[in-house]
Structure formats: structure tokens, C-alpha cells
Amino acid sequence: LIQLYVPLNFLGVLYREIRQSLTDIERMFALMHQHREVADAPGALALPPGPASVRFEHVDFAYDAKRPILFDVDFEIPAGSTVAVVGHSGSGKSTLARLLYRFYDVQQGAIRINGHDLRQLGQHSLRAAIGIVPQDTVLFNDTLLYNIQYGRPNASRAEVEAAARAAQLEDFIRELPDGYGTRVGERGLKLSGGEKQRVAIARALLKNPAILIFDEATSALDSKTEKAIQAQIERAAEGRTALVIAHRLSTIMDADEIIVLEAGRIVERGRHAALLARGGTYAQMWLLQQQEEEEAAAPAA
Ligand code: ATP
């Protein structure tokens with residue numbers, strides 16, 4: 001039995017890590033069918049395709065009852081608009097994304113899409129309506145074509161190419177000797193963070209979801225890449241309902257609403273200019289990031 005302890009413990013850690021990450025949620029669900037924490041209600045509704053509004057209605061949530069994480073979180077993302085969430089590490093930003101994908105159910109309040117409580121919706125149609133661009137995309141050890149097509153396995157080659165074009169991957173792929181047949185991931189070509197993110201965007205766009213969750217990477221980027229990401233987010237979110245979990249405030253300046261989370265509570269909300277004028281938490285975060293960027297850009301003494 002003792003000999004089993006280490007591998008079993010390792011599996012437990014692995015399971016938690018996988019669950020934590022939004023990276024390959026769909027694949028994980030396929031693999032862990034039996035381990036779902038949430039189940040379809042009897043007679044669950046299928047969410048019809050089309051524009052979707054998202055509403056977090058006085059949501060309280062805890063992974064563990066002894067440690068509440070979200071308190072009375074209340075906001076709406078009208079169909080077609082973009083809401084960005086900012087806040088210090090651990091404030092609960094990614095938890096919002098996990099709840100919207102219904103990885104877990106809320107303890108108080110409700111999350112609704114077009115007025116339907118997520119708990120009344122069939123999980124299949126819910127997950128078909130949501131595309132995720134995760135923080136750090138894990139690529140499968142397979143071709144670029146496979147990795148993009150994963151967003152919608154029955155998509156045609158022309159549709160994959162259109163998604164790659166929209167994610168600005170076309171020039172990059174054209175220059176590769178094996179083009180879409182290039183193997184990437186573990187044993188193939190290693191892609192840069194920006195390239196991986198564009199693969200993730202192409203995957204999400206191919207799925208053509210009404211709702212897009214964009215979980216921005218935490219790692220520091222140069223300002224050129226940052227601008228490119230901002231443009232990517234805007235393009236990908238066009239015509240969709242988007243929840244952007246932002247780490248760099250400069251990428252979400254144009255969001256329809258910015259929500260500032262502090263220890264699981266919304267402490268400020270509004271548009272960029274209004275939040276700056278208010279001189280509160282957001283304005284402080286903004287100043288700090290500006291300083292950090294200036295320091296990073298300054299030539300070393
Ligand atoms: P970051 O900016 O660092 O990504 P975040 O604001 O996205 O942080 P969350 O990932 O939402 O933060 O985590 C919020 C809190 O919930 C943290 O204190 C974290 O430790 C806790 N937490 C996250 N996932 C779990 C889990 N599966 N079980 C227990 N606690 C968790």
C-alpha cells in the first residue's frame with residue numbers, strides 16, 4: 001500500500017493542476033467524464049445559438065467552504081460587449097472564468113446566459129457557446145492543422161485557414177517549410193508565447209462561440225507584443241460577448257466596462273478614463289504598471 005501512496009498522491013496533484021488550468025478544458029472533460037463536479041439538471045435546456053448576454057447575479061463562491069473566494073459579485077456583459085476584470089493575483093479573476101464555463105457551481109446567486117441560469121442549461125450547449133483563449137496554451141504534439149482544427153474538428157481546411165488568417169497566423173505558417181503540416185509542441189517546433197496565443201485564438205475563432213473568455217498571460221511582454229495582443233483581443237471579441245481577464249491594463253483600455261476585484265469583491269467599476277479620474281485602486285495599478293514599463297524600457301545603467 002505504501003508503494004502506491006506516491007503515485008496516487010502524484011495523480012491527485014496532477015488532477016488538481018489540470019483542473020486548475022483552463023488550458024484544455026474540453027479535452028479534460030472528455031477524459032474525465034466520470035469526474036464532473038456538475039451535472040445536467042433533468043430536462044436541461046439547450047442554449048440556442050446566437051448572441052448571448054452574461055450576467056453574474058450576486059455571486060458568492062468558495063472552492064472550499066472554509067475559505068470563501070467571491071463575495072456578492074454582480075455584473076453584466078450585454079451581448080456583443082466586452083467586460084475586463086483586473087485585480088491583484090489571487091483576487092478571483094480566473095475563478096470567474098471557471099464559473100462561467102461551469103467548472104463549479106456558485107453557492108449563492110446565479111450566473112445567467114440570456115436569462116437562463118447555467119444550472120438549467122445542458123453542459124454541451126453551454127460549452128459549445130463559449131470559446132476560451134487560455135493563459136498558456138498547451139499545444140498537442142501534432143501538426144499546426146490539428147492544433148487549430150481542434151477548435152472544431154469537423155471544420156473544413158478553408159475554415160481553418162480563415163481562422164488562421166483572422167488570428168494573424170497566415171504569414172507565419174506560409175514561411176514554414178511544412179506549412180500547416182509542421183509539427184509543434186513537445187517534440188516539434190517550439191512556438192513563442194505570442195505565436196501560441198495566436199494558435200489559441202485561431203482555435204477559439206474556428207469554434208465561432210457567442211462568448212469568448214480571454215485569460216491573458218501573466219508573463220511580462222514588450223510593449224510591441226502588448227499592442228499586438230490588444231489588437232488581437234479586440235479583433236477576436238468583435239461581435240461577441242467577451243470576458244477578458246487582464247493582467248496588463250494597457251490591453252483593456254477600450255473595454256466597455258472594467259471591473260476591479262479585490263479579495264473577491266468588486267471594489268471599482270467603469271471605463272478606463274473614469275477609473276483613472278477616480279484615483280482609486282485602478283489608478284494606482286495603472287501608475288505602477290506605467291512605472292514598471294518605463295523602468296523596463298530604460299537602458300540599463
Ligand atoms: P492570478 O492573477 O494570479 O491568475 P486570480 O485573480 O485569477 O489570480 P484565482 O485563480 O481566481 O485568482 O484564485 C482566487 C483564489 O482562489 C486564490 O486564493 C486561489 O488560491 C484560490 N483557488 C484557486 N483555485 C482553487 C482550487 N481549485 N481550490 C482551492 N482554492 C483555489
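**Exercise 1. How do β1 and strand β4 (residues 108-113) pair, and over how many bridges?**

Before the solution, two notes on the model. It is a predicted model: local features need pLDDT of at least 70, side-chain atom pairs count only at pLDDT 80 or more, and totals for chains, interfaces and linings use all residues. Residues are numbered from 1 along each chain as its sequence is written.

Step 1. Find the elements: helices (H or I, at least four residues) and strands (E, at least two) are DSSP runs, numbered from the N terminus. The chain has 11 helices and 12 strands.

Step 2. Look at the pair itself. β1 and β4 are joined in the antiparallel sense over five bridges; two strands pair if DSSP finds at least two bridges between them. D60 stands opposite Q108 in β4.

Step 3. Four strands form an open sheet in the order β2-β1-β4-β5, with antiparallel pairing. β2 and β5 (116-117) each have a single partner strand, so one side of each is left without a neighbour in the sheet.

**Exercise 2. Work out the strand order of the six-stranded sheet and find its edges.**

Step 1. Read the order: this open sheet runs β6-β9-β10-β3-β11-β12, and its pairing is mixed.

Step 2. Pick out the edges. β6 (130-133) and β12 pair on one side only.

Step 3. Take one pair as an example. β6 and strand β9 (residues 211-215) run parallel and are joined by four bridges, with V133 opposite F214 in β9.

**Exercise 3. Describe how α3 is placed, and which of its residues are buried.**

Step 1. Start with the four-stranded sheet. Helix α3 lies across β1, β2 and β4, running at about 110° to β1. Axes are lines fitted to C-alpha atoms, for helices over the stretch in contact, and angles run from 0 to 180 degrees between N-to-C directions.

Step 2. Turn to the six-stranded sheet. α3 also lies across β3, β6, β9, β10 (241-245) and β11, at about 145° to β10.

Step 3. Now the burial. A residue is buried if 20 or more other C-beta atoms lie within 10 Å of its own, exposed if 12 or fewer, and partly exposed in between, with C-beta atoms placed from the backbone. Seven of the eight residues of α3 are buried: K93, T95, L96, A97, R98, L99 and L100. For the chain of 301 residues, the buried share is 33%.

Step 4. Look just past the helix, where R102 has a positive phi of about 55°.

**Exercise 4. Which residues come nearest to the ligand, and which element gives the most to its shell?**

Step 1. Y63, S89, K93, S94 and T95 come nearest, out of 12 residues around the ligand. A residue belongs here if its C-beta atom, placed from the backbone, lies within 6 Å of the molecule.

Step 2. Sort by element. β1 (54-64) and α3 each supply at least two residues of this shell, and α3 gives the most, with three.

Step 3. The shell has two nonpolar, eight polar and two charged residues. Ala, Val, Leu, Ile, Met, Phe, Trp, Tyr, Cys and Pro count as nonpolar, Asp, Glu, Lys and Arg as charged, and the others, Gly among them, as polar.

**Exercise 5. Which members of the largest nonpolar core touch the most other members?**

Step 1. Recall what counts: a nonpolar core is a set of buried Ala, Val, Leu, Ile, Met, Phe, Trp, Tyr and Cys residues joined through C-beta atoms within 7 Å.

Step 2. Of the 70 residues in the largest core, V85, L100, A202, L243 and V244 touch the most other members. Helix α8 (residues 193-207) provides the largest share of this core, seven residues.

Step 3. Follow one member. Not counting residues up to four places away in sequence, L243 touches V54, I77, V83, V85, L96, A97, L100 and I213; a contact needs C-beta atoms, placed from the backbone, within 7 Å.

**Exercise 6. Is D72 in a strand or a loop, and how exposed is D72?**

Step 1. D72 is in strand β2 (residues 67-77). Its phi is near 50°, a positive value in a residue other than glycine.

Step 2. D72 counts as partly exposed because it has 14 C-beta neighbours inside 10 Å.

Terms used:
Contact = placed C-beta atoms within 7 Å.
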